[in-house]
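Hi everyone, thanks for coming.

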Amino acid sequence: MQWQLLFISIPPVIAFAAFSRVGTLREAVLGASVVSGFELLYNSLQLGFVEPFSLGSLILFLGFGAVSLRRNDDRYFKLQPVAFELCVAATLAYFVFALDTPLLAVLAEDYIGIHGELEAYQRGYATIYATTLSRSMPVLLVVHAALTARAAWKGSTCAWFNVRVFGFYGMVALLFLSERLLGVTP
């Protein structure tokens with residue numbers, strides 16, 4: 001089971017927050033970019049092909065890192081998760097609405113390998129949950145991107161980090177629970 005795929009782009013954010021507390025902007029950007037490169041390498045080796053979400057994350061970290069260093073302003077680097085989430089939201093929306101394919105269900109089954117960890121009777125539920133989340137996640141990602149952008153531009157690194165990491169997973173948990181309580185089905 002490839003659980004690390006549920007946390008794509010988070011280790012570089014952790015590295016940036018840690019390095020920014022003890023080092024310079026250059027060290028924080030470099031540290032986060034190196035961690036993002038290792039994340040791409042690890043995920044790609046585990047899957048046997050270049051993992052596209054990790055690759056996109058690395059490219060965005062390098063691009064936003066370059067802008068941040070050029071302007072000597074960490075706020076630009078902190079916008080990487082915003083761009084990443086908007087790209088993921090667009091990808092999910094395209095697959096759901098244009099291709100009629102719930103991408104999260106495909107990823108959970110084929111790449112994360114969740115069905116291998118579940119009892120046979122639970123697999124259908126997991127597919128239903130991933131299918132409904134595929135439709136609603138683009139909206140959540142756009143809302144979270146806006147919150148992250150606000151925290152990046154107006155808040156401290158600690159506030160940005162909390163919104164980016166804990167805020168995201170909290171929002172996903174609330175969305176999941178809301179869909180279950182409301183009986184949302186595919």
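So, which residues have the most contacts inside the largest nonpolar core? They are V13, F16, V29, F77, W160, F161 and V165, in a core of 18 residues. By nonpolar core I mean buried Ala, Val, Leu, Ile, Met, Phe, Trp, Tyr and Cys residues joined through side-chain atoms within 4.5 Å; buried is under 20% relative accessible area, exposed over 50%, partly exposed in between, with a 1.4 Å probe and protein chains only. At least two residues of this core come from each of α1 (10–22), α2 (25–47), α8 (120–154) and α9 (157–182). Helices here are DSSP runs of H or I, at least four residues, numbered from the N terminus. A second, separate core has 16 residues, among them L60, L92, L103 and L175.

A quick word on the source: this is a predicted model, where local features need pLDDT of at least 70 and side-chain atom pairs pLDDT 80 or more, while totals for chains, interfaces and linings use all residues. Residues are numbered from 1 along each chain as its sequence is written, and side-chain values use heavy atoms, leaving out hydrogens and water.

Back to V29: beyond its neighbours within four places in sequence, V29 is in contact (heavy atoms within 4.5 Å) with F16, G65, L69 and F77.

Is D73 buried or exposed? D73 counts as buried, because its relative accessibility is 16%. Leaving out residues up to four places away in sequence, D73 touches L25 and S68.
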